[in-house]
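Work through these exercises with the sequence and the 3D view side by side. Try each task before you read its solution.

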Amino acid sequence: MDLEKHPQQPAAPAQPAPAGIRASDADRDRFADILRDAMAEGRLTAEEHAERVDAVYRARTVGELEPLVGDLPAPGGSTRPSSGTPYAYGPEAPAGPAESLVAVFSSSTRKGRWRVGGRTNAFALFGSVEIDLTEALFGQRLTVINATSLFGSIEIKVPENISLRGSGTGVFGNFEVVNLDSADPEAPVVVVNGYSVFGNVEAKPKRGKLITDLRDQLRKHLGH
């Protein structure tokens with residue numbers, strides 16, 4: 001055989017996994033991370049984020065996951081400007097159940113210097129819940145608070161210089177979140193979701209309270 005007439009063909013490039021391949025838990029978590037970052041950057045509303053995350057964890061194949069992030073930039077491709085001195089959030093707490101604050105014919109308060117987790121659930125039934133984040137330490141950029149008030153009251157206070165967003169409904173009651181957009185793109189983002197029935201859910205900045213240097217706060221808190 002004349003080898004000169006039959007040159008060796010280059011190896012075919014590796015093909016991406018077919019869209020019909022079954023999605024793994026790691027695949028779902030990766031897509032959920034993209035959605036979380038998109039909400040933190042203001043690309044998705046809290047309601048859109050909740051709908052897409054629900055679809056992510058119901059998806060069975062990679063092909064079902066891809067359309068959920070098709071209109072979002074790839075990880076690392078954000079157009080968000082970088083901060084000269086990024087916030088030092090420190091290592092995130094290990095994944096686990098959300099912190100819960102419950103008030104049934106009573107009151108529950110969380111305030112002072114405490115480390116905020118990624119998710120907090122607040123429930124008030126003929127009671128009141130107060131969440132004060134003005135002196136809190138954030139272990140991550142995005143914090144989600146799910147608030148449910150039935151004939152009760154939930155009040156959430158945040159520093160003036162973070163970003164605050166929310167999505168909820170009041171039925172014969174009040175659900176009010178004062179939207180804030182921090183001038184610093186690396187500042188914490190707090191998202192409040194939920195509803196109130198014959199009750200009140202309110203999230204707003206506390207005047208005069210600012211996070212001025214998270215790096216120093218974290219260092220002092222950890223005793224370094």
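Two strands count as paired if DSSP finds at least two bridges between them. Keep in mind that this is a predicted model.

**Exercise 1. Find the partner of L164 in β11, then describe how β9 and β11 pair.**

Step 1. Start at L164. Its bridge partner in β11 is V190.

Step 2. Now take the whole strands. β9 and β11 (residues 189-197) are joined by nine bridges. They run in the parallel sense.

Step 3. Recall the background. Strands of a sheet pair through backbone hydrogen bonds, either parallel or antiparallel.

**Exercise 2. Give the strand order of the open sheet and name its edge strands.**

Step 1. Five strands make up the open sheet. Their order is β1-β4-β7-β11-β9, with parallel pairing.

Step 2. Look for strands that pair on one side only. These are β1 (99-104) and β9 (163-171), the edge strands.

Step 3. From one strand to the next, it averages 10°.

Step 4. Place the helix. α1 (residues 25-40) packs on the sheet and touches β7 (142-150), β9 and β11. The direction of α1 makes about 80° with that of β7.

**Exercise 3. Check the length of α1 and list its buried residues.**

Step 1. α1 has 16 residues. At 1.5 Å a residue, the expected span is 22 Å. From first C-alpha to last, α1 reaches 23 Å, which is close to that value.

Step 2. Apply the cut-off: buried means under 20% relative accessible area. In α1, the buried residues are D27, R28, F31, A32, I34, L35, A38, M39 and A40.

Step 3. Ask what covers them. The cover includes α2 (46-58), α3 (62-65), β7, β9 and β11.

Step 4. G42 follows α1 and has a positive phi, near 85°.

**Exercise 4. Classify the ring pairs F105 with F126 and F126 with F151.**

Step 1. A pair of aromatic rings is described by the distance of the centres and the angle of the planes.

Step 2. Take F105 and F126. They lie 5.1 Å centre to centre, with 10° between the planes, and the pair is stacked.

Step 3. Locate both rings. F105 is in the loop between β1 and β2 (107-110), and F126 is in the loop between β4 (119-125) and β5 (128-132). The pair therefore ties together parts that are 21 residues apart in sequence.

Step 4. Read the accessibility. F105 is exposed at 63%. F126 is partly exposed at 43%.

Step 5. Take F126 and F151. The ring centres are 4.9 Å apart and the planes are at 5°, so this pair is stacked. F151 sits in the loop between β7 and β8 (153-158), 25 residues from F126.

Step 6. Widen the view. F105, F126, F151, F172 and F198 form one aromatic cluster.

**Exercise 5. Which residues have the most contacts inside the largest nonpolar core?**

Step 1. The largest nonpolar core has 25 residues. I131, L133 and V192 have the most contacts inside it.

Step 2. Find the main contributor. β8 gives the most to this core, with three residues.

Step 3. Zoom in on V192. Among the residues it touches are I145, A147, I156, L164 and F175.

Step 4. Look for another core. A second, separate one has 14 residues, including F31, L44, L65 and L68.

Conventions: Residues are numbered from 1 along each chain as its sequence is written. This is a predicted model: local features need pLDDT of at least 70, side-chain atom pairs count only at pLDDT 80 or more; totals for chains, interfaces and linings use all residues. Side-chain values use heavy atoms; hydrogens and water are left out. Helices (H or I, at least four residues) and strands (E, at least two) are DSSP runs, numbered from the N terminus. Axes are lines fitted to C-alpha atoms, for helices over the stretch in contact, and angles run from 0 to 180 degrees between N-to-C directions. Contact means heavy atoms within 4.5 Å. Rings of Phe, Tyr and Trp (its six-membered ring) pair if their centres lie within 6.5 Å; planes under 30 degrees apart count as stacked, over 60 as edge-to-face and the rest as tilted. Buried means under 20% relative accessible area, exposed over 50%, partly exposed in between (1.4 Å probe, protein chains only). A nonpolar core is a set of buried Ala, Val, Leu, Ile, Met, Phe, Trp, Tyr and Cys residues joined through side-chain atoms within 4.5 Å. The expected span of a helix is 1.5 Å times one less than its number of residues. Lists of a residue's contacts leave out its neighbours within four places in sequence.
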